[in-house]
Each structure stands twice: as structure tokens, then as C-alpha cells.
Amino acid sequence: MELDEQHFDIVIVGGGLAGNSLGLALRNTGLKIAIIEANTKDQLLNSALGDRALALAAGTVRTLEDIGVWQAIRSKASAIKDIHVSDKGHFGKVRLSAKKQNVDALGYVITARDIESHLVQEVEKTSITVISPARVVGLTSDEKSVHISLKYRDESLCLTAKLLVGADGGNSTIRKLLDIPQEITEYGQTALVTTVKTTLHHNNIAYERFTDSGPLALLPAGKNECAVVWTRRNKDAEALMADNEMDFLEQLQLCFGYRLGRFSLSAPRRAFPVSLVRAGKMQSGRAIIIGNAVHQLHPVAGQGFNLGLRDVVQLADMLIKQHRQHKDIGSADFLKTYVSARENDHRKTIGFTDSLVRLFSNDNLALAAARNIGLAVFDHIPAAKSFLSKHAMGLAQNIPDLDNQQQ
Ligand SMILES: Cc1cc2nc3c(=O)[nH]c(=O)nc-3n(C[C@H](O)[C@H](O)[C@H](O)COP(=O)(O)OP(=O)(O)OC[C@H]3O[C@@H](n4cnc5c(N)ncnc54)[C@H](O)[C@@H]3O)c2cc1C
């Protein structure tokens, strides 16, 4: 590959949701950017992974608007007007309403593929250099730059940059090359993802149903369709994947009930093993990692991309200011400021998701009682509901802790 430039201001590794969003947030800033992506465009756009439905918080939608992405994909998304959270077989229920929160929608549902393909097309329209399919094989840093060795098809290339951003997902090569340790919490669960047609309209309600065998989310997706994210213990998930369609649907219907009428499958079933993966740190020398490379969450609360996009916004804002002031965008001090700006949100969002998984995956009677009392209490305390709504809308990092609100 003939590159016009071997030196960039920023090299982003990973042209997925976080990496491409960062590239777009930084377009028109005068910064020279390269994105290195392991997959070809075709592989990226046709990957089975793209089938997963993402629940986007209102804050995420605003960011996608700001970077000029939302306007073109809005018509592919379904608004969430209400959220019903319930605990199957128990009395606890929480209902959240966009109307009561004075907003148009609590969030939106869209497939990852719809966002990913649009991001790829938008990046192609910019001056960003996209190198794909390519993989980083080595990194070294000195005082002024980071040196990146990569394999592009059968060629070896070497680039330098003032800053390297690792946005290469949960199995991040950049994290490994930087020797950043990771902590993995296995929940022993698998998320089964598909889409069902329903005989009754969803009325733009998202259902989150906690069951003894794991949480089940039905999210409005299209006119009479719902995206299903059904988290089950690994063994049950294996059996459900092996079942024929009829048996699978029967089990799903048994778990959810008939509030939306009868289900029929309108997309293939996919299985995603879920765990919590946390990097020991976000920065090393002139490199920073963002998105799933730092935090891969259980999908139960639909927070992964929402959190990753907040990494993108913070980093882009700070980079633009630093660049305008002609300061070093890869200096350790600058990157440390970014890290401290993100720590609190990471801690809160990871903690929130992890507690949900633990609380609702547990058959212990005392915990079942606690979670039901919790849900019932939530439903009757406006401040708590407002907190939960704001969490769902991606605004929670700006509001006080729940404990303080309840006092
Ligand atoms: C079943 C399921 C449901 C989910 N639901 C939600 C939800 O409702 N809401 C939500 O906010 N989030 C949700 N998520 C999480 C969300 O999908 C992730 O947080 C998001 O995809 C992370 O984006 P990313 O760009 O950081 O990583 P990725 O999407 O993993 O992208 C990483 C990119 O880096 C590339 N790459 C990897 N290695 C290399 C390498 N060595 N060199 C170059 N490139 C490389 C990959 O090809 C890929 O393009 C869900 C996840 C799952 C599995």
C-alpha cells in the first residue's frame, strides 16, 4: 500500500463503533488521522455480530446528532416511549415513561449494523486514511511519538503518531501490546439475540423481564417487530440454540407471556457469550484505550456502546482544545487528565450493570424479596424513577447518587 503520509497526529486502531465515531468527531479539525481496521469493509458490514440490537440512550443520540450521524439513521431506529421492568413470578414492577420525564423518547433501538455501516460510509467521505484489512503487530513509544508496526495484507508498514487510540474491542490487541492487564468476571451466561414478529403492537414499550433463569429484553424494533436479548445460563443457551425454531419460540413465549400476542421468528438466532472485562488502566505512554477495549459489559442494561461513546465525546472535546492551543495531544499529563475525567462514569456504569446482573441472576429468596421490594419502591418514588430514567437516557453521570436522592 502506498501511503501519502507515514506520520499522523492520531492513529486509531479499530474501525468499529467507538473508533469510527471518534474519527468523525475529529473530522474538520485539521488533525491528520488514520484508522486501522482488521476486517475488510465487506466482512464488517456482513458480520453476524451486526445483528445485535442496541438500545441507545438519549445522550448517545444527541452525540450521534452532533457528529452528523443520527440524521441519516434516525428512520431505521424505533423510539422507546416507555420501559416496563418486571420480575417474573414476583410482584415488583417499574414503569418509566418518556411523557412523565418530559422527553420525546427514553431512548432508541437500532441494529449495530445500521450504525456501523453508516459510520463506515461517513468516514470514507472524510480525509481520514483508512487502512484495512490490517493488524497492528508492534508498538514502541519515545518522547515525541509512538511507532506502530502493522501487517497490511502481506505487507509490513510502519507509521508514527503523536497519539495512538486503541478502539479495537473486548479482545484488544493494543491493550495486550501495552501490557495492560485485564480483569474478567465470567457470569456463566450467554446472550441469545434475535428478532420476533408480534401479533400485537409493541406501542414503543421496551420490556425488561428478570426471570429466575436470566433477564429477557424485548425492545421495539420496526412496526410489529421486537428485538430479543435473552440472557440464559450457558447450558440453557446451548440447548435453546440447538432447539428447532418452534421449540425455541415456545420457550420464549413461556418466558415472556402473551402481552404482545404470538411470536414468530424474523431473524436468525445468535449467541453471544457475556462477561465483564475491565482493563487495569486506560493509558500507557502515548497510547489510550477506549470503548470495549477498556470495558466490555453484560448487555443486560444496554450500556456498552453508550459508555464507549461517552469516552469518545470526552476524548474528542479534549483533543480539539489541546490541538487548538498547539499543545501536545499525546503527552502523558494530557492523557492522565482524560483518564481522571472518565473514571467516575466508568465506575458508576460498570457498578450499575454488574449489580443488576448479580441481583437478578440470583435465586436466593432474600435477594428475590429485596429486588422486588426495590422495584416496587422504585415505582412509587418519583425521584428514584427519575434517576432510573436518567440512567436509561444516559444522563446519570450528571445527577447525584441515588442514595442521596432517596433521603
Ligand atoms: C448481545 C449484545 C447486546 C448489546 N446491546 C447493547 C445495547 O443495547 N446498548 C449498548 O450501548 N451496547 C450494547 N452492546 C455493547 C456494544 O455492542 C459494544 O459496547 C460496542 O460494540 C463496542 O464498540 P467498540 O467500537 O468499542 O468495539 P467493537 O464494536 O468490538 O469494535 C472493535 C473494532 O476493532 C476491530 N479490531 C479488533 N481487533 C483489531 C486489531 N488487532 N487491529 C485492527 N482492528 C481490530 C474490529 O474488527 C472491530 O471493527 C451489546 C453487546 C452485545 C454482545
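**Legends to the close-up views**

**View 1. The protein as a whole.** The protein contains 13 helices and 20 strands. The model shown is predicted. The chain has 407 residues, and 54% of these count as buried. Taking contacts between residues at least 6 apart in sequence, 71% join residues at least 24 apart.

**View 2. The shell around the ligand.** There are 31 residues around the ligand. Those that come nearest are Ala18, Glu37, Arg52, Ala55 and Asn292. By residue type, the shell consists of 15 nonpolar, 12 polar and 4 charged residues.

View 3. Two helices, α1 (17-25) and α9 (304-324), each supply at least two residues of the shell around the ligand. The strands β3 (53-57) and β9 (134-141) likewise supply at least two residues each.

View 4. The side chain of Arg52 has an N or O atom 2.7 Å from an oxygen atom of the ligand. Arg52 is also one of the residues that come nearest to the ligand. At Arg135, a polar side-chain atom lies 3.3 Å from a ligand nitrogen atom. Phe305 takes part through its backbone: a polar atom there is 2.9 Å from an oxygen atom of the ligand. On its own, the ligand has 1000 Å² of accessible area, of which the protein covers 87%.

Terms used: Residues numbered from 1 in each chain as written. Predicted model: local features only at pLDDT ≥ 70, side-chain atom pairs only at ≥ 80, totals over all residues. Heavy atoms only, no water. Near = heavy atom within 4 Å. Polar contact = N/O pair within 3.5 Å; in protein donor to acceptor, adjacent residues only side chain to side chain. Areas by Shrake-Rupley, 256 points an atom, 1.4 Å probe, with all protein chains shown as cover. Helix = DSSP H or I, 4+ residues; strand = E, 2+ residues; numbered from the N terminus. Nonpolar A, V, L, I, M, F, W, Y, C, P; charged D, E, K, R; others polar. Buried < 20%, exposed > 50% of the residue type's maximum accessible area, 1.4 Å probe, protein only. Contact = heavy atoms within 4.5 Å.
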